[in-house]
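Look at the chain shown here from one end to the other. The paragraphs after it go through its parts one by one.

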Amino acid sequence: MAYRLSIYIFGMFVNFFGVALIINATLGAGFWTAMFVGLSDQFGLTVGFWYAAAQLLFIFVNGWLMKQAPEWRALLPLVLESLILDFWLEVVFRNLDMSTAPFMSQGVMLLFGVAFTALGVAIYILPQLPRAPVDQLFLVVAEKFNLSLRVSQTLIAITTSTVALIIGGPVGLGTLAGVLFLGTFIQFFYGYTYRLYYQVHPQYKERFEPYYY
């Protein structure tokens with residue numbers, strides 16, 4: 001269990017390192033993050049707070065859509081991810097300002113951000129511990145309305161990006177990059193991290209079916 005939990009938390013740190021890079025590139029945040037940043041700018045409090053508040057709401061939304069009791073285990077990633085997001089934004093990158101940097105530098109930071117975000121998700125889903133409610137939402141909507149995961153993800157991404165744009169969130173190239181490429185990158189990295197996950201810990205006998213994000 002310690003091995004699974006360490007990989008789980010490590011993946012979260014990598015994921016939100018990428019999210020922080022995307023935000024600080026100032027070319028537009030990912031679609032979820034753009035909405036949370038917009039809420040933070042409009043109403044105060046930290047991005048991590050709004051991330052946690054939205055996740056808590058989606059625990060109930062997911063349960064309502066599936067006509068099941070709320071998945072309270074999702075509180076674990078909710079708390080961990082909100083703290084990790086604030087760690088990167090409010091501590092590590094607190095004094096970083098890329099708004100006046102050359103466009104090429106911003107673009108490179110954005111690309112690295114998308115890559116690290118995808119790599120983090122690919123690592124974080126490996127132990128198959130509870131996923132964050134916003135991640136679970138794509139699956140719930142797809143199952144509820146008989147949609148493919150790609151269509152479900154795209155519809156939620158467009159809806160979330162629209163809300164972010166209305167409330168003044170940082171919608172831009174970063175948002176578009178997340179909508180178009182994040183899923184593909186996650187699948188690419190997952191193919192490698194899945195094998196490495198067991199090679200590093202060969203005594204870990206239990207095997208899970210690959211989860212295609």
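Predicted model: local features only at pLDDT ≥ 70, side-chain atom pairs only at ≥ 80, totals over all residues.

In which helix is glutamine 153 found? Glutamine 153 is found in helix α7, residues 149–166. Helices (H or I, at least four residues) and strands (E, at least two) are DSSP runs, numbered from the N terminus. Glutamine 153 is buried, at 14% relative accessible area; buried means under 20%, exposed over 50%, and partly exposed in between, with a 1.4 Å probe and protein chains only.

Residues are numbered from 1 along each chain as its sequence is written, and side-chain values use heavy atoms, with hydrogens and water left out. The pLDDT is the predictor's confidence in each residue, from 0 to 100. Its mean over the protein is 83, and 93% of the residues reach 70 or more.

The protein has 8 helices and 0 strands. Its C-alpha atoms fill a box of roughly 50 × 40 × 30 Å along the principal axes. The radius of gyration is taken over C-alpha atoms, and the globule rule is 2.2 Å times the number of residues to the power 0.38. For 213 residues a compact globule would have a value near 17 Å, and the protein agrees because it has 17 Å. Of these 213 residues, 50% count as buried.

Helix α1 covers residues 2–24 and reaches 33 Å from its first C-alpha to its last, close to the expected 33 Å. The expected span is 1.5 Å times one less than the number of residues. Just after α1, threonine 26 takes a positive phi of about 60°. Leucine 45, in the loop between α2 (31–43) and α3 (47–66), also has a positive phi, near 65°. Leucine 45 is exposed, at 55% relative accessibility. In the loop between α3 and α4 (75–92) lies lysine 67, with a positive phi of about 55° although it is not a glycine. Lysine 67 is exposed too, at 71%.

Helix α6 has 12 residues and reaches 15 Å, close to the 16 Å expected. Its buried residues include Leu137, Phe138, Val140 and Val141. Just after α6, asparagine 146 takes a positive phi of about 55°.

Where are charged side chains paired? A salt bridge is a side-chain nitrogen of Lys or Arg within 4 Å of a carboxyl oxygen of Asp or Glu. The whole structure holds 1 salt bridge. Arginine 94 and glutamate 90 meet in a salt bridge at 3.4 Å, N to O. Arginine 94 is exposed, at 56%, while glutamate 90 is partly exposed, at 30%.

Phe103, Leu173, Leu176, Leu180, Phe181 and Phe185 make a nonpolar surface patch of about 590 Å². Patches are made of residues with over 30% relative accessible area and no salt bridge: like charges are joined within 9 Å, and nonpolar side chains (Val, Leu, Ile, Met, Phe, Trp, Tyr) within 5 Å. Accessible areas come from the Shrake-Rupley method with a 1.4 Å probe, and for residues only the protein chains shown count as cover. Helix α8 (residues 173–199) gives the most to this patch, with 5 residues.
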